[in-house]
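Let's take a walk through this fold, one piece at a time. Have the structure open and follow along.

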Amino acid sequence: PIVILTAKEDDLDHILGLESGADDYVIKPIKPPVLLARLRALQRRQAPEPTVRGALEFGRLAIDRSCRGVSLGGEKIDLTTMEFELLWLLASAAGKILSRDDILNRMRGIAFDGLNRSVDVYISKLRGKLNDNPREPVCIKTIWGKGYLFNPFAWEV
């Protein structure tokens, strides 16, 4: 969501701000609790539909959100909390490229600054635990310059 926070009170400025793509136009001064309430309301409206699925299956890979369990070919895979969240995020968007920025925003609520390599580290650990070849990954692919892609068909072999 885009919020314009300004001291400009003119109606034309207000109209131009909203017409140029802003989701809200807030005129200063504003009390912090009111601003926070407006930001939360924007987030609720922009949030994706909550998933009703508690489990995902891709061939031999099963991910159960309710018990935070992952199994590959019937064998339980132990994942840390961050690894599980990353796997769930990627699997929920199977077949779509997620950028590092998307991943950090959805997992931690922070923007990618270009220096943070934590996503790469977690992807590497996840690949190792899921027996994905680190030199030529098939299950979680790196799309150079774009991000990561969870291949929903890689688990059927």
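Start with strand S7 (residues 97–98) and strand S9 (residues 147–150): they run antiparallel and are joined by 2 bridges. If you want a residue pair to click on, Ile97 has Leu149 in S9 as its bridge partner. Keep in mind throughout that this is a predicted model.

S9 also pairs with strand S8 (residues 140–143), again antiparallel, and here the bridges number 4. Two pairs to look for are Ile140 with Phe150 of S9 and Thr142 with Tyr148 of S9. Put together, this gives an open sheet of 3 strands in the order S7-S9-S8, with antiparallel pairing. S7 and S8 are the edge strands, each pairing on one side only. As for what packs on this sheet, H5 does, touching S8 and S9, and its direction makes about 145° with that of S8.

The turn between S8 and S9 is worth a look too. This hairpin has 3 residues between the strands, and Gly145 takes a positive phi near 80° there.

## The four-stranded sheet

There is also an open sheet of 4 strands, ordered S3-S4-S5-S6 and paired antiparallel. Its edges are strand S3 (55–58) and strand S6 (75–77), each of which pairs on one side only. Going from one strand to the next, the twist averages 20°.

Zoom in on the S3 end: 4 bridges join S3 to strand S4 (residues 61–64), and the two run antiparallel. Within this part of the sheet, Leu56 stands opposite Ile63 in S4. As a bit of background, strands of a sheet pair through backbone hydrogen bonds, either parallel or antiparallel.

## Two crossing helices

Now for the helices. At what angle do helix H3 (residues 81–92) and helix H5 (residues 118–129) pack? The angle is about 85°, with the axes 10 Å apart. H3 and H5 are therefore roughly perpendicular to each other, since angles from 65 to 115 degrees count that way.

On the H3 side, the contact is made by Met82, Glu83, Leu86, Leu87 and Leu90. H5 brings Val119, Tyr122, Ile123, Lys125, Leu126 and Lys129. Sort the residues of this contact by class and you get 8 nonpolar, no polar and 3 charged.

The residues lining the largest cavity are Met82, Leu86, Ile103, Leu104, Met107, Arg108, Ser118, Val119 and Tyr122. H3, helix H4 (100–108) and H5 are the elements that give two or more residues to this lining. Which element gives the largest share? That is H4, with 4 residues.

By class, the lining of the largest cavity divides into 7 nonpolar residues, 1 polar and 1 charged.

Terms used:
Residues numbered from 1 in each chain as written. Predicted model: local features only at pLDDT ≥ 70, side-chain atom pairs only at ≥ 80, totals over all residues. Heavy atoms only, no water. Axes fitted to C-alpha atoms, helices over the stretch in contact; angles between N-to-C directions. Parallel < 35°, antiparallel > 145°, perpendicular 65-115°, else oblique. Contact = heavy atoms within 4.5 Å. Nonpolar A, V, L, I, M, F, W, Y, C, P; charged D, E, K, R; others polar. 1 Å grid on protein atoms, 1.4 Å probe; cavity = no way out; pocket = protein on both sides within 12 Å on 5 of 7 lines; lining within 4 Å. Pairing = 2+ DSSP bridges.
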